[in-house]
Amino acid sequence: MRLLAQGGYGAVVLARQLELDRQVVIKLLHGQQLEPDDVARFVGEAKMTASLMHPNIVVLLDHDIEDGVPWIAYEFLPGADLRARVDAGPMEP
């Protein structure tokens, strides 16, 4: 649907999961110049996130590697991003 963020190693996009008609967030690594360690670290992130269950931790929905591009699908949580929250100043305890 649209690009949410982009960095040196990958991008985060807002997408629609067609089968369930819901918005999701896809994090993907850029396919060019990926080292095996990069992919292993990314898959490790997916495994670690999937093992965590807490109301304040985003839910991992799926992950895979397609055409050499690793991706992770997360639940979409509407609201301000972390940068906006940090820029807004200190939070109350």
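I began with S2 and S3, which run antiparallel and are joined by eight bridges. The model is predicted: I took local features only at pLDDT of at least 70 and side-chain atom pairs only at pLDDT 80 or more, while totals for chains, interfaces and linings use all residues. Residues are numbered from 1 along each chain as its sequence is written, and side-chain values use heavy atoms, with hydrogens and water left out.

Terms for the sheet: helices (H or I, at least four residues) and strands (E, at least two) are DSSP runs numbered from the N terminus, and two strands pair if DSSP finds at least two bridges between them.

**Entry: S2 and its neighbours.** I found Ala-11 opposite Leu-28 in S3. S2 and S3 form a hairpin with four residues between them, and Asp-21 in the turn has a positive phi of about 50°. I then looked at S1 and S2 (residues 10-17), which pair in the antiparallel sense over four bridges. Arg-2 has Leu-14 in S2 as its bridge partner. This hairpin of S1 and S2 has three residues between the strands.

**Entry: the whole sheet.** I read the strand order as S1-S2-S3-S5-S4 in an open sheet of five strands with antiparallel pairing. S1 (2-6) and S4 (60-66) are the edge strands, each pairing on one side only. The twist averages 25° from one strand to the next; axes are lines fitted to C-alpha atoms, for helices over the stretch in contact, and angles run from 0 to 180 degrees between N-to-C directions.

**Entry: S3, S5 and H1.** I counted five bridges between S3 (residues 22-29) and S5 (residues 69-75), which pair in the antiparallel sense. Lys-27 stands opposite Ile-72 in S5. Helix H1 (residues 36-50) packs on the sheet and touches S3, S4 and S5, where contact means heavy atoms within 4.5 Å. The direction of H1 makes about 20° with that of S5.

**Entry: confidence.** I noted a mean pLDDT of 88 for the chain, with 98% of its residues at 70 or more; pLDDT is the predictor's confidence in each residue, from 0 to 100. Among the elements of the chain, S3 has the highest mean pLDDT (94) and H2 the lowest (86).
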